[in-house]
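Notebook open, model loaded. I want to go through the helix packing and then the aromatic rings.

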Amino acid sequence: MLIIFSLMGGFSAPLMISTGQSNYLFLFIYLTLLNIGMLTAAFLRHWKSVGWTAYIFTSLYLFSWTANRPELLSITFYIISYIIFYIFALLDYFRKNLLSTSDILMLAFINFSSIIGLVYTFNELKYEPVIIFPLIFAAINSVFLFREYGRKNFGISYSVFAGITASLITIAVALQFKTHLITSVWAIEATLLLFIWKKQVIQFSKHSFIFCSHWSLLHKSSPGQKISTWKK
C-alpha cells in the first residue's frame with residue numbers, strides 16, 4: 001500500500017509544482033523515468049498494482065497533452081509508454097509462460113489506448129498513413145502469436161495474442177475507410193474481451209466487455225465528439 005501512495009505522489013508532483021507553463025518534454029521525461037522505476041519494482045517484487053496505477057496516471061497525462069496540444073513529440077512518448085507497459089504485461093509470461101487476467105487486460109488496454117492517442121495525433125497533424133500504428137502493433141503481437149503456434153500451445157496465451165492481432169488488423173482496415181475512431185476501437189476491444197471471456201471464462205473480462213460495449217454505444221450516440229469523429 002505504501003508503494004501505491006508513493007507512486008501516486010510521484011505522479012501528482014508535476015501538478016503541485018506546476019507554474020502554469022506547459023513544459024511537456026520535461027514532464028514526460030520525468031514520467032518515463034518514473035515508469036521505468038515502476039517496471040523495475042514490478043519485476044523485482046511482483047507488484048501488479050503499481051503497474052496499473054502508473055498506467056492510469058500516464059494515460060491521463062498523455063490524453064490531456066493530446067487533447068490540448070497535439071504535436072509530433074507526443075508520438076515518441078506514446079511509443080515509449082507502450083513499450084514499458086507492454087513489457088509490464090508480459091513479465092509473468094516470460095517468467096512462468098502464463099497470462100493472468102490482469103495481464104490480459106493490460107495488453108488489451110495498452111494496445112487500444114495507444115492506438116487512440118497516436119491516430120488522433122496523426123490526424124490532427126494531417127500525417128499519413130494513420131494505419132501504420134495498428135499494423136505495427138499487430139506485427140508485435142503476432143510475434144508472440146507465432147511463438148505460441150510454434151510451440152503447439154493453443155491455450156489462453158495463443159487466444160489472447162490471436163485476438164489482439166486480429167483486432168488491430170481490423171482497426172487498421174476501419175481506419176483506412178475513415179470510420180469513427182473511438183467508437184471503432186471500443187467496439188473492437190469489447191469484441192476481443194468477449195472472445196477471451198468465451199475462450200477462458202474470465203469473469204473480469206465479462207465485466208470489461210460490458211463496460212466497453214456501453215462506452216462504444218455512448219460515443220456513437222453522443223453528438224459533437226471531436227476526438228471520436230474526424231474527416232480527411
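For contacts I take heavy atoms within 4.5 Å. My helices (H or I, at least four residues) and strands (E, at least two) are DSSP runs, numbered from the N terminus.

**Ground rules.** I am working with a predicted model, where local features need pLDDT of at least 70 and side-chain atom pairs count only at pLDDT 80 or more, while totals for chains, interfaces and linings use all residues. I number residues from 1 along each chain as its sequence is written, and side-chain values use heavy atoms, with hydrogens and water left out.

**Overview.** I find 10 helices and 0 strands in the protein. I looked up burial too: 47% of the 232 residues count as buried (under 20% relative accessible area; exposed is over 50%, partly exposed in between, with a 1.4 Å probe and protein chains only). Of the contacts with a separation of 6 or more, 73% are between residues 24 or more positions apart.

**α6 and α8.** Two packed helices are described by the angle between their axes and the distance between the axes. I use axes that are lines fitted to C-alpha atoms, for helices over the stretch in contact, with angles from 0 to 180 degrees between N-to-C directions. Helix α6 (residues 101-124) and helix α8 (residues 156-176) have axes that come within 11 Å and cross at roughly 15 degrees. That makes α6 roughly parallel to α8 (angles under 35 degrees; over 145 is roughly antiparallel, 65 to 115 roughly perpendicular, the rest oblique). The crossing of α6 with α8 is right-handed, meaning the near helix is turned clockwise from the far one by less than a right angle, with anticlockwise for left-handed.

Which residues of α6 meet α8? I list I104, L107, A108, N111, F112, I115 and V119 on α6, against I156, V160, F161, I164, S167, L168, I171 and L175 on α8. Ala, Val, Leu, Ile, Met, Phe, Trp, Tyr, Cys and Pro count as nonpolar, Asp, Glu, Lys and Arg as charged, and the others, Gly among them, as polar.

**α3 and α4.** Helix α3 (residues 48-68) and helix α4 (residues 72-89) pack at about 165 degrees, axes 11 Å apart. I therefore log α3 and α4 as roughly antiparallel to each other, with a left-handed crossing. Residues in the α3 side of the contact include W52, Y55, F63 and W65, and the α4 side includes F77, Y78, F85 and F88. The class count for α3 with α4 is 11 nonpolar, 5 polar and 1 charged residues.

**Rings.** I get 19 aromatic pairs in the structure. Rings of Phe, Tyr and Trp (its six-membered ring) pair if their centres lie within 6.5 Å; planes under 30 degrees apart count as stacked, over 60 as edge-to-face and the rest as tilted. Y93 and F161 have ring centres 5.5 Å apart and planes at 70 degrees, so the pair is edge-to-face. Y93 sits in helix α5 (residues 91-96) and F161 in helix α8, so the pair ties together parts 68 residues apart in sequence. Y93 is buried at 1% relative accessible area, and F161 is buried at 0%.

F94 and F144 have centres 6.1 Å apart and planes at 55 degrees, so I call that pair tilted. This pair links helix α5 (F94) to helix α7, residues 132-150 (F144), 50 residues apart. F144 counts as buried at 12%. Y82, Y86, Y93, F94, F137, F144 and F161 form one aromatic cluster.
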